[in-house]
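Thanks for coming. I will go through one model, starting with a helix, then a pair of helices, then some charged contacts.

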Amino acid sequence: MSSRPDIRHEQSLRALNTFGIDAKAASYLRVTGIDDLRAVRHDPALASMRRLVLGGGSNLLLTGDFDGLVLHMVNLGIAVTAEDEDHVFVTAQAGENWHRFVQWTIDHGVPGLENLSLIPGSVGASPIQNIGAYGSEMAEHFHSLQAFDVDTGEMLSLTKQECAFGYRDSVFKHGLRARAVIVAVTFALPKRWQPNLRYAELAAEIDARGIQSPTAKDISEAVIAIRTRKLPDPAKIGNAGSFFKNPVVSAEQRNALLAQHPALVSYPQADGSYKLAAGWLIDQCGWKGKSLGAAGVHEKQALVLVNRGGASGAEILQLAKTIRDDVHASFGVLLEPEPVLV
Ligand SMILES: Cc1cc2nc3c(=O)[nH]c(=O)nc-3n(C[C@H](O)[C@H](O)[C@H](O)COP(=O)(O)OP(=O)(O)OC[C@H]3O[C@@H](n4cnc5c(N)ncnc54)[C@H](O)[C@@H]3O)c2cc1C
């Protein structure tokens, strides 16, 4: 028999989202393991509530109070679970902090995730949008994950293929949305590790440090240094990192835009399409450093929306909509938000 879950009511979420939005959850549970999820499912009142799975709160915008049940993943644990000729398999529980996990892998001699150092949030959320940065994506070293299916009460074990990872995308944003609670993630880390310096800015940082043969620790430190210089620290100013995805357009549309805007920043994709730099588009519309009330656009990064102090989620959303409309009017390109709107 599972015990009654320890539900808190009218819980403030202010310290639990990196935008620092002052919103409340009608009901809130700290999930320390699968038993808590089973207990929720067996309680008819809880099972019928709207649900929000919460990790580090660094990729969502709370647009108001949440009238349902917040399942805050705080289950911990990291272990080497297997190995084969080519890989070491490491499993981390969903509630582990992503950056601390990356540091653990480096400290334990199982590198591969170092390019993703200092990304905020939890291990459990990392597959949701297939986090990526500095020439790497989580999917490259992902092996499988365990999730609790809230609809059926069963545990799911999903392979990389079943997760259908794409650019900031996975099955958890589509078919398994609001259904699968990720409980643990297993990574396959290469035994014959090679540094990944595909990202020019990272290669330049390693060069500037006079390092010839970088270790995973060197790469992690370089990534941390670049990120610290470029991105606002949520502990100092509320934000959720990039607020918009880089839009992907056809070669035809990109060429037409390039003819009108010779400085357009675009990156060719394997399928012949182009990714446009959303930050550049926003900057061209004059939004960098601007504000609407307490919601603002960061001074250095036009892609990052910030809470200048006491902004509501609705204010941030209004700013995002205004920017989206301006970019659409100027370039005919529709920006999509990267964080989940709650
Ligand atoms: C300063 C800053 C920089 C950032 N830089 C990057 C970057 O370089 N690259 C990048 O990809 N992202 C970046 N992000 C976004 C963010 O860090 C990632 O998306 C991260 O994976 C979110 O983790 P989280 O635990 O905070 O998720 P949350 O914000 O808590 O949740 C995000 C979504 O995932 C769902 N979710 C969370 N945990 C689970 C779970 N266990 N099971 C099922 N669903 C779950 C939530 O319901 C929600 O829909 C940045 C954010 C900030 C604030």
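I will call a residue buried when its relative accessible area is under 20%, exposed when over 50%, and partly exposed in between, using a 1.4 Å probe and protein chains only. Two notes on provenance. This is a predicted model, where local features need pLDDT of at least 70 and side-chain atom pairs count only at pLDDT 80 or more, while totals for chains, interfaces and linings use all residues. Residues are numbered from 1 along each chain as its sequence is written, and side-chain values use heavy atoms, with hydrogens and water left out.

Take helix α3, residues 98–107: eight of its ten residues are buried, so the helix is largely enclosed by the rest of the structure. The buried ones are Trp 98, His 99, Phe 101, Val 102, Gln 103, Trp 104, Thr 105 and Ile 106. What covers them? Contact here means heavy atoms within 4.5 Å. The cover includes strands β6 (78–83), β7 (87–93) and β12, together with helix α6.

Helix α6 also meets α5. The axes of α5 (residues 200–208) and α6 (residues 216–230) come within 10 Å and cross at roughly 110 degrees. Axes are lines fitted to C-alpha atoms, for helices over the stretch in contact, and angles run from 0 to 180 degrees between N-to-C directions. Angles under 35 degrees count as roughly parallel, over 145 as roughly antiparallel, 65 to 115 as roughly perpendicular and the rest as oblique. The two helices are therefore roughly perpendicular to each other. On the α5 side, the contact is made by Glu 201, Leu 202, Glu 205 and Ile 206, and their partners in α6 include Asp 218, Ile 219, Ala 222 and Arg 229. By class, the contact residues are seven nonpolar, no polar and five charged. For that count, Ala, Val, Leu, Ile, Met, Phe, Trp, Tyr, Cys and Pro are nonpolar, Asp, Glu, Lys and Arg are charged, and the others, Gly among them, are polar.

Now the salt bridges, meaning a side-chain nitrogen of Lys or Arg within 4 Å of a carboxyl oxygen of Asp or Glu. How many does a search of the whole structure find? It finds 16.

One of them joins Asp 151 and Arg 179, at 3.8 Å from N to O. Asp 151 sits in the loop between β10 (142–149) and β11 (155–159), and Arg 179 in the loop between α4 (160–163) and β12 (180–190), so this pair ties together parts 28 residues apart in sequence. Asp 151 is partly exposed at 48%, and Arg 179 is partly exposed at 27%.

Another pairs Glu 336 with Lys 245, whose closest N and O atoms are 3.5 Å apart. Glu 336 is in the loop between α9 (313–331) and β20 (340–341) and Lys 245 in the loop between β13 (238–242) and β14 (248–249), so the parts tied together are 91 residues apart in sequence. Is Lys 245 buried or exposed? At 16% relative accessibility, Lys 245 counts as buried, whereas Glu 336, at 48%, is partly exposed. Leaving aside neighbours within four places in sequence, Lys 245 has contacts including Tyr 167, Arg 168, Ala 278 and Leu 335.

The last pair is Lys 288 with Asp 283, at 3.4 Å between the closest N and O atoms. Lys 288 is partly exposed at 33%, and Asp 283 is partly exposed at 30%.

Notes
Helix = DSSP H or I, 4+ residues; strand = E, 2+ residues; numbered from the N terminus.
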